Amino acid sequence: MKKGLPAHFKDYRHVWVFIELERGHVHPVSFELLGEGRKLADKLGVQLAGVVLGPPGEATWFAIAEAFAYGADLAYIVETPLLADYRNEPFTKALTDLVATHKPEILLLGATTLGRDLAGSVATTLLTGLTADCTELDVDADGSLAATRPTFGGSLLCTIYTLNCRPQMATVRPRVMAMPQRGNNQVGRVVQHEVPMVEEEIVTKVLGFLSDGQSAKANLAYADVVVAGGLGLGAAENLKLVKNLARAIGAEYGCSRPLVQKGWMPADRQIGQTGKTIRPKLYIAAGISGAIQHRVGVEGADLIIAINTDRNAPIFDFAHLGAVTDAIRFLPSLTELFTHRLSPHSRDKLAN
Ligand SMILES: Cc1cc2nc3c(=O)[nH]c(=O)nc-3n(C[C@H](O)[C@H](O)[C@H](O)COP(=O)(O)OP(=O)(O)OC[C@H]3O[C@@H](n4cnc5c(N)ncnc54)[C@H](O)[C@@H]3O)c2cc1C
């Protein structure tokens, strides 16, 4: 049952998107959220703002320019050297202070490692509701944010409302929402905000930065072509068939969850509800049944090709093309065919 919003929350307006800037790089999920934020703001008849927290310098202002290019009407910025590396304390303080001052109605963050950490502490500090890992965002007839996400192991979808607190917060995983068209406008109104903080009061210290050597390799979420294997491949050594095909067509490779549970592939290669969401132009799934938890992570692909011995496998309900055959025999033939037919130039084109 919806109750009336307490009077002191009535002046909360506008939609904000947290622009995730880390080591000079804006996470693309921020642009996907600006696309969704635009739709919500237009429905509510309010403005869309990008929020950038970062150190003084070019990268922080570039993040603001990009927020405008992806549809923001205005931008809020907290610029201080204390925000150079992500630390929960100063980021939470900066964002909660901005919210308390400028009062947004809706605040969206990417469900990345950084975004999840920050969203949780901002919501608990502001004593408001947070709906994590949403798959759909909308506003209902009375203007409340309707945040939909899977529940009960992905077998049901539930829509959650934050009725009596503000802002209404939600996180969305990368690639769940479509990337909006980038416009040419890179300017707009920027509101600079100062937050009194001193390094001595921040408990966490960054002593150095070690990049993850593997992180550049697994770019599943943003790959244009993905090949994945499932339990139907039968044994860990058969995964080389998936990797060979991926190499031949310039694709990333991934898997269904049981393969990660068996230790056949690392967790960052898992595709699905509890793994990565992908939106490639081409997705080839070999020996994957197409359970709902896998389906939600791949159904944004433009073209899905399924290889499965069981013609009644659920994957054929949403695949665009299917081969009812043994993947262990079919994959090598497909790889050979592509290797001979595809010039290195076409392979790069397919991947890019
Ligand atoms: C909370 C929760 C979260 C989950 N999250 C995820 C997730 O993120 N990602 C995910 O993938 N799963 C997830 N799952 C698991 C999901 O429910 C399925 O169990 C899983 O996706 C099944 O993996 P699979 O298709 O590889 O295996 P199976 O369901 O066992 O399917 C194997 C398929 O291979 C076919 N096959 C057999 N032999 C061959 C052959 N030689 N050639 C071709 N085809 C063959 C079979 O016909 C069958 O369709 C989750 C489950 C829960 C409860």
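This note walks through a predicted model, from the whole chain down to single residues.

1. **Overall build.** The protein chain holds nine helices and 17 strands. Its radius of gyration is 22 Å, close to the 20 Å that the globule rule gives for 352 residues, so the chain is as compact as a globular protein of that length. Along the principal axes, the C-alpha atoms fill a box of roughly 65 × 50 × 40 Å.

2. **Burial and contacts.** Of the 352 residues, 49% count as buried. Take the contacts between residues at least 6 apart in sequence: 68% of them join residues at least 24 apart.

3. **The largest nonpolar core.** This core has 32 residues. Ile19, Leu34, Leu40, Leu108 and Leu137 touch the most other members. Helix H1, residues 29-44, gives the most to this core, with five residues.

4. **Isoleucine 19.** Which residues does isoleucine 19 contact, leaving aside its neighbours within four places in sequence? They are Val26, Ser30, Leu34, Gly50, Val51, Val52, Ala63 and Ala67. One of these, Leu34, is also listed with Ile19 among the residues that touch the most other members of the largest core.

5. **Helix H4, its length.** H4 covers residues 113-126. At 1.5 Å a residue, its 14 residues should span 20 Å, and the end C-alpha atoms are 20 Å apart, which agrees. Just after H4, leucine 127 takes a positive phi of about 55°.

6. The buried residues here are Leu114, Gly115, Leu118, Ala119, Ser121, Val122 and Ala123. An α-helix has 3.6 residues a turn, so residues three or four places apart point the same way. Leu114, Leu118 and Val122 are among the buried positions of H4. What do the buried residues of H4 pack against? The partners are strand S1 (15-19), strand S2 (21-22), helix H3 (88-102), strand S6 (106-110), strand S7 (130-131) and strand S11 (168-172).

7. **Strand S13, covered on both faces.** S13 runs over residues 225-229, and five of its five residues are buried. In a regular strand the side chains alternate between the two faces of the sheet. In S13, Val225, Val227 and Gly229 lie on one side, Val226 and Ala228 on the other, and all are buried.

8. **Strand S13, its partners.** S13 pairs with strand S15 (residues 282-286) in the parallel sense, over five bridges. Valine 227 has isoleucine 284 as its bridge partner in S15. S13 also pairs with strand S14 (residues 252-255), again in the parallel sense, over four bridges. There, valine 226 stands opposite glutamate 252. The chain goes from S13 through helix H5 (residues 239-248) to S14, and this β-α-β crossover is right-handed.

9. **Isoleucine 315.** Isoleucine 315 sits in the loop between strand S16 (303-308) and strand S17 (321-324). Leaving aside neighbours within four places in sequence, isoleucine 315 contacts Ala285, Ile288, Ser289, Gly290, Ala306 and Asn308. Isoleucine 288 is 27 residues away along the chain, yet its C-alpha atom is 7.3 Å from that of isoleucine 315.

Definitions and conventions
Residues are numbered from 1 along each chain as its sequence is written. This is a predicted model: local features need pLDDT of at least 70, side-chain atom pairs count only at pLDDT 80 or more; totals for chains, interfaces and linings use all residues. Side-chain values use heavy atoms; hydrogens and water are left out. Helices (H or I, at least four residues) and strands (E, at least two) are DSSP runs, numbered from the N terminus. The expected span of a helix is 1.5 Å times one less than its number of residues. Buried means under 20% relative accessible area, exposed over 50%, partly exposed in between (1.4 Å probe, protein chains only). Contact means heavy atoms within 4.5 Å. A nonpolar core is a set of buried Ala, Val, Leu, Ile, Met, Phe, Trp, Tyr and Cys residues joined through side-chain atoms within 4.5 Å. Two strands pair if DSSP finds at least two bridges between them. A crossover is right-handed if, with the strands pointing away from the viewer, the path from the first strand over the helix to the second runs clockwise. The radius of gyration is taken over C-alpha atoms; the globule rule is 2.2 Å times the number of residues to the power 0.38.
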